[in-house]
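Me: I'd like to learn how to read a protein model, one feature at a time. Could you walk me through this one?

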Amino acid sequence: MDTMQHTIKYGTETINLHISFMRITPEKARELLLTTNVNRNLHKANLERIKRDIMENEFYPTIDPIRISSKGELIDGQHRLNAIIDTATTQTILVVKGFPERAYYWFDQIKNRTAADNLKVQGLSNSKETAACYNVIWRFINGIQFKNSNPSSRELRDLHDVLSTTNDIQEDLLFAIKQNKSQKNVRFRITQIAVMRWLLSNIYPRKNVESFFNQFIYGTDNVLQNDTHPATKLRNRLTDDTMIDLRKGGGTYYMSYIYEAWKKHNTNKALIKWSSVEQQLANLRMLRAETKEIWEHSLYKWSNIKENI
């Protein structure tokens with residue numbers, strides 16, 4: 001079929017697109033799928049819906065094309081191609097070639113692409129856990145820990161670009177995952193452990209932070225023999241099943257306990273009694289103020305960072 005060429009400007013970049021309607025056979029669909037570099041996992045419900053439309057003659061060429069990168073790799077359209085294979089039919093579909101590989105982030109934002117889907121394209125083996133950490137960090141930056149709100153695709157990409165090149169959270173995430181797997185009877189939340197270990201390490205000496213987390217998670221340095229040691233108090237609090245507030249606020253209270261215990265540990269003080277909820281949330285505001293320099297220097301692209309929690 002005839003191909004139309006179109007050149008667009010995206011910032012300082014020129015993108016040359018080749019647009020055509022293509023009759024795609026099952027064989028051609030398999031060929032295109034083999035070019036996939038990284039794509040999201042197949043969503044069964046979406047695949048079954050497309051197959052149903054095909055079998056009922058309700059599948060039409062739409063303005064939503066199959067997208068192929070400038071290197072010839074499939075970056076969007078795997079559900080339609082798999083449906084063609086499964087139904088053994090030939091379909092006419094709009095195909096656009098020539099996108100940069102990172103254009104994966106631009107597409108299908110109204111569909112069910114999760115943050116983990118978007119990070120998987122970066123080749124992260126822990127994309128699901130990394131996405132959870134990014135969501136918590138993003139809420140923390142924007143002062144909306146208690147709201148069920150997540151970053152947009154562009155915000156997620158900006159955050160990943162910053163954290164993967166400057167102060168990567170992956171080491172802290174791997175530490176959190178390992179502790180969760182290695183302890184049979186005592187486990188701590190992976191996301192909050194990773195995020196707090198990362199946050200504190202951006203302000204305080206890394207070795208001190210690592211020592212503190214080893215103490216309350218693994219009981220190193222015989223701290224569990226001291227009931228008022230901050231690490232012991234924290235371990236007991238985070239593993240107390242009766243603490244309902246630990247299950248609220250998207251992990252905010254969980255983080256506030258870690259921070260309060262850390263403050264006592266860092267000043268070599270005993271932790272006799274936990275602060276009120278109001279004081280703990282005030283403490284988190286203090287932590288955000290301490291980390292403000294990170295956001296100002298690294299995340300300058302974000303115009304919606306609030307001044308106050």
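Me: Which residue just after α2 takes a positive phi?

Reply: That is N57, with a phi of about 55°. Keep in mind that this is a predicted model.

Me: How does the length of helix α2 fit its number of residues?

Reply: The idea is to count 1.5 Å a residue.

Me: Which residues of α2 are buried?

Reply: Start with the general idea: an α-helix has 3.6 residues a turn, so residues three or four places apart point the same way. In α2, the buried residues are N46, L47, I50, K51 and I54. They lie on the same side of α2, because they cover an arc of only 135° around the axis.

Me: What is on the face turned away, and what covers the buried residues?

Reply: The face turned away from the buried side carries the exposed residues K44, A45 and M55. The cover over the buried residues of α2 includes α3 (78-87) and β5 (91-99).

Me: Let's step back to the whole chain. How many helices and strands are there?

Reply: The chain has 13 helices and five strands. Buried residues make up 50% of its 309 residues.

Me: Which residues have the most contacts inside the largest nonpolar core?

Reply: They are I193, F213 and F216, in a core of 46 residues. Several helices each supply at least two residues of this core, among them α5 (127-142), α8 (190-201) and α9 (206-218). A second, separate core has 18 residues, including M22, I68, L81 and I84.

Me: What does F213 touch, apart from its neighbours within four places in sequence?

Reply: F213 is in contact with F175, I193, M196, R197, L200, Y218 and I258.

Me: How are the rings of F175 and Y218 arranged?

Reply: For a ring pair, look at the distance between centres and then the angle between planes; over 60 degrees counts as edge-to-face. The centres of F175 and Y218 are 6.4 Å apart and their planes are at 85°, so this pair is edge-to-face. F175 sits in helix α7 and Y218 in helix α9, 43 residues apart. F175 is buried, with a relative accessible area of 14%, whereas Y218 is partly exposed at 34%.

Me: Which residues do ring pairs link into a cluster?

Reply: The cluster holds F188, Y204, F212, F213, F216 and W262. One of the pairs is F188 with F216, edge-to-face at 5.6 Å centre to centre and 90° between the planes. Both F188 and F216 are buried.

Notes:
Residues numbered from 1 in each chain as written. Predicted model: local features only at pLDDT ≥ 70, side-chain atom pairs only at ≥ 80, totals over all residues. Heavy atoms only, no water. Helix = DSSP H or I, 4+ residues; strand = E, 2+ residues; numbered from the N terminus. Buried < 20%, exposed > 50% of the residue type's maximum accessible area, 1.4 Å probe, protein only. Core = buried A, V, L, I, M, F, W, Y, C linked by side-chain atoms within 4.5 Å. Contact = heavy atoms within 4.5 Å. Expected span 1.5 Å × (residues − 1). Arc of directions from axis to C-beta. Phe/Tyr/Trp six-rings, centres within 6.5 Å; stacked < 30°, edge-to-face > 60°.
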